[in-house]
2 protein chains.
Amino acid sequence: MSEEFLSHCRHIAGEPFVLTTAADMAPYLDDWRGRFTGKALAVLRPAGTGQVAQLVKACAHWRIPVVPQGGRTGLVLGSVPDQSGSAVVLSLSRMNQVRSIDAVNRTMTVDAGCILQQVQDAAALHDCLYPLSLASEGSCTVGGNLSTNAGGTAVLRYGNARELCLGLEVVTPQGDIWNGLRALRKDNTGYDLRDLFIGAEGTLGVITAAVLKLHPLPKASSTALVALGTVRDALDLLTLMQDRCGACLTGFELMSAVCLELVATHFPDLPRPFARLHGQYVLLELSSCESEQQASGMLERAVAVALERCIARDAVVATSAAQSRGLWDLREHISMAQAKAGKNIKHDIALPISRIARFIATTDAHLREAFPGCVLVTFGHLGDGNLHYNVAPPEGVPHDEFLDNEPAINRIVHDQVDAFGGSISAEHGIGALKRDELSRYKSPVELDMMRAIKAALDPLGIMNPGKVL
Amino acid sequence: MSEEFLSHCRHIAGEPFVLTTAADMAPYLDDWRGRFTGKALAVLRPAGTGQVAQLVKACAHWRIPVVPQGGRTGLVLGSVPDQSGSAVVLSLSRMNQVRSIDAVNRTMTVDAGCILQQVQDAAALHDCLYPLSLASEGSCTVGGNLSTNAGGTAVLRYGNARELCLGLEVVTPQGDIWNGLRALRKDNTGYDLRDLFIGAEGTLGVITAAVLKLHPLPKASSTALVALGTVRDALDLLTLMQDRCGACLTGFELMSAVCLELVATHFPDLPRPFARLHGQYVLLELSSCESEQQASGMLERAVAVALERCIARDAVVATSAAQSRGLWDLREHISMAQAKAGKNIKHDIALPISRIARFIATTDAHLREAFPGCVLVTFGHLGDGNLHYNVAPPEGVPHDEFLDNEPAINRIVHDQVDAFGGSISAEHGIGALKRDELSRYKSPVELDMMRAIKAALDPLGIMNPGKVL
């Protein structure tokens, strides 16, 4: 049976694009963070949407599970197959053309396999900004960005991947092509299928192309690092900055003292902007459509007010691009400093912004009681309510031993997230990794609706089984 | 049977809130524009979400169709029952409390029956902006705004109702309550049910409450009226303004010469800013989070560049709030001037912005060929690609007679909209009025997915039957 299926696939995609040997398939089966390796019947590499449709039709006919795959940079095991070896991986990597750019409509239509950076660059060539920006932007693809509703550092101003997409082309679980490639900012004609496929992690169909929304390219930006006493002060600063700067505020990143100490220990060459230690730090970025002068003037005035009102304790406003780069380096080296320090247990969570100070205080206390001496490395996109809430072992405790506590630590953190009305997955999605957590925290009413939609659109259950639901 | 059902409803909602006499029900059965009057078994007026759930459960048990109703200001017969008299109207007008406001998180949680203006005012009391702004804001409700994904004048900067909502509470067609009242800007945990209910026009469930996203209140705004030769010039002006002003650009309204002539004829007391006639006009609005001075300075510089580059032919920048009001009055009196001039055939359409000039030229030509002398009154939210494309009778032709051409004119206009990749309903939705048009222009693949979702969530088909699908 599977030989008949594979020969049909070869007929559709061409011999070289149906991979079946262990060596050929290996690069498509590993988890990005190296925690898991799946097995597959084959890896299929279609050249275009028509081939995707034919291949999915074949999978439906032979009841073969399909695992759609983009850049494979996901963090929740959403794009790798399980270990049964019964599924095919459908890699969209060959579908990587920018189909068209419309600078007047500020849209671009791209294949799902385009790399994010390629899209950013193509937009910039037309004096436009595609604002989505992630650590993995050199590898991740548009299809993956949309299937996981990716976030990143520009959400505060421009929204998640969902807000940056106007239309989709999707191959359904029946192998039909839905052409929903609309380039419209207003369209109220029926159910919002677009946003149902966005964030569905490939469980309802395969996104093969998208119309992306572009923005005008800002003329200049200005950066500052502000030292504060507490998270509550950081929230006051956020309100102040939003009131004074509106949409010019494009970055608001929280870092605790522990984070900057970690960076200073492991990257001693990076700048140390303050002589004294403070409790919390916020990295601010303003962008201007006018000029460097407007951005820096607005930032300096706002920071002066924050100091005057004793919200901030100290501040450095970058006066050159290099200095601005140096401040961002501090933020961007936190994860690397953590990796150098050893292993830790990570949480990608979101909370109502107003509850973040109490959430951190309460959850820190619970963890310190259960695991005395544990080190809390907390930073994140405060303007979006998105925290990277990481728990490292107490000094002297072997890291691998501490990792055995992951289930117990997850339970404490996620229970608090739930109690404070938060989300256990802010930007990474559910995949296979958080499926059990999802069923624990979602209401039966919501889970039932999700299952009903899954059964309605994918009655054979062939699309990325074992993920999300 | 229906007596048993009604007595159960009275038990749930209380005697006075189950209306059954013709006189009591009359205010709930009329279309806003007076084109249609429906019939109902009863009008139900629940006091809260619990009662809504019990009432819908009863409707499911007795298989009674449910027509959810907000402010009844819709334009496509979405919130009135048909003439069978078999359905109940479920009016949410008694559920009109602002449940809470969180100025730090910039969210507010409101009952679905809150009037839009009440929500705007409540936000402003906390120095926040709820940007949704419609002509019917004194009557329309949050539930209706969300069920139709309302648009209006602030979409260019802040998006449609969908982009202004973070979470929902919904009563399902089974009478269960889904508490999806999340106040989070990032949440990737499962399918996007929120956006499925938004824009579903009450056919998938009843929205009973919502978490709305607030923005900082701008400090000042500045207005200008620019005269141009052609629609193509208006598109050049849009690109210029977006590049120079970014998110400060909060209004970009196109009006043809015919529109301003109509206003001048029927409202002779309104300002006439230009001595000469021009082909097209654009009303510009900039908002600033800094100061009046910044807004007007930025606007003056941008308009000067537009004149210098011969994109604009003439321009007036308002120097006072009264002058600004006068310019907006011109825009806002177009519909009233049209009503004074007689009847016309209206289209609420959206197009890719870059194709609007060609769309107007082509469609105008088709209509003039088919209906020589017909008058084209075209204006709209150009920054969103949203046109109000209205066709009035030739001079001397009786208006009622001309209206007989509505199907033929709709066909010409909608065929062109479809050919140019546009939408036949930009902000008004489908309701009962455009249902046949929807099935004409949507692909079978898309219609099948919509029907599958409808059947999955509402298998008894009791939620607002005959609307959308």
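Student: Which strands does helix H3 (residues 49-62) of chain A lie across, and at what angle to S4(A) does it run?

Tutor: Helix H3 of chain A lies across strand S2 (42-44), S3 and S4 of chain A, and runs at about 170 degrees to S4(A). Helices (H or I, at least four residues) and strands (E, at least two) are DSSP runs numbered from the N terminus. Axes are lines fitted to C-alpha atoms, for helices over the stretch in contact, with angles from 0 to 180 degrees between N-to-C directions; contact means heavy atoms within 4.5 Å. This is a predicted model, in which local features need pLDDT of at least 70, side-chain atom pairs count only at pLDDT 80 or more, and totals for chains, interfaces and linings use all residues. Residues are numbered from 1 along each chain as its sequence is written, chains are lettered from A and ligands numbered from 1 in the order in which they are written, and side-chain values use heavy atoms, with hydrogens and water left out.

Student: In what order do the strands of the chain A sheet stand?

Tutor: Two strands pair if DSSP finds at least two bridges between them. In chain A, four strands form an open sheet in the order S1-S2-S4-S3, with mixed pairing. Strand S1 (18-19) and strand S3 (66-69) of chain A are at the edges with a single partner strand each, so one side of each has no neighbour in the sheet. S3(A) pairs with strand S4 (residues 88-91) of chain A in the parallel sense, over four bridges, and A:Pro68 stands opposite A:Leu90 in S4(A).

Student: How many bridges join S1(B) to strand S2 of chain B, and in which sense do the two run?

Tutor: The open sheet of chain B also has the order S1-S2-S4-S3 and mixed pairing. There, S1(B) and strand S2 (residues 42-44) of chain B run antiparallel and are joined by two bridges, with B:Val18 opposite B:Leu44 in S2(B).

Student: At what angle do helix H17 of chain A and helix H17 of chain B pack?

Tutor: These two helices (residues 444-457 in each chain) pack at about 140 degrees, with their axes 9 Å apart. H17(A) and H17(B) are therefore oblique to each other; angles under 35 degrees count as roughly parallel, over 145 as roughly antiparallel, 65 to 115 as roughly perpendicular and the rest as oblique. The contact includes A:Met449 and A:Ile453 of H17(A) and B:Met449 and B:Ile453 of H17(B). By class, it has 10 nonpolar, no polar and no charged residues (Ala, Val, Leu, Ile, Met, Phe, Trp, Tyr, Cys and Pro count as nonpolar, Asp, Glu, Lys and Arg as charged, and the others, Gly among them, as polar).

Student: How far apart are the axes of H8 and H13 in chain B?

Tutor: Helix H8 (residues 231-245) and helix H13 (residues 356-370) of chain B have axes 8 Å apart and pack at about 165 degrees. That makes H8(B) roughly antiparallel to H13(B). B:Val231, B:Arg232 and B:Leu235 in H8(B) meet residues of H13(B), among them B:Ile356 and B:Arg358.
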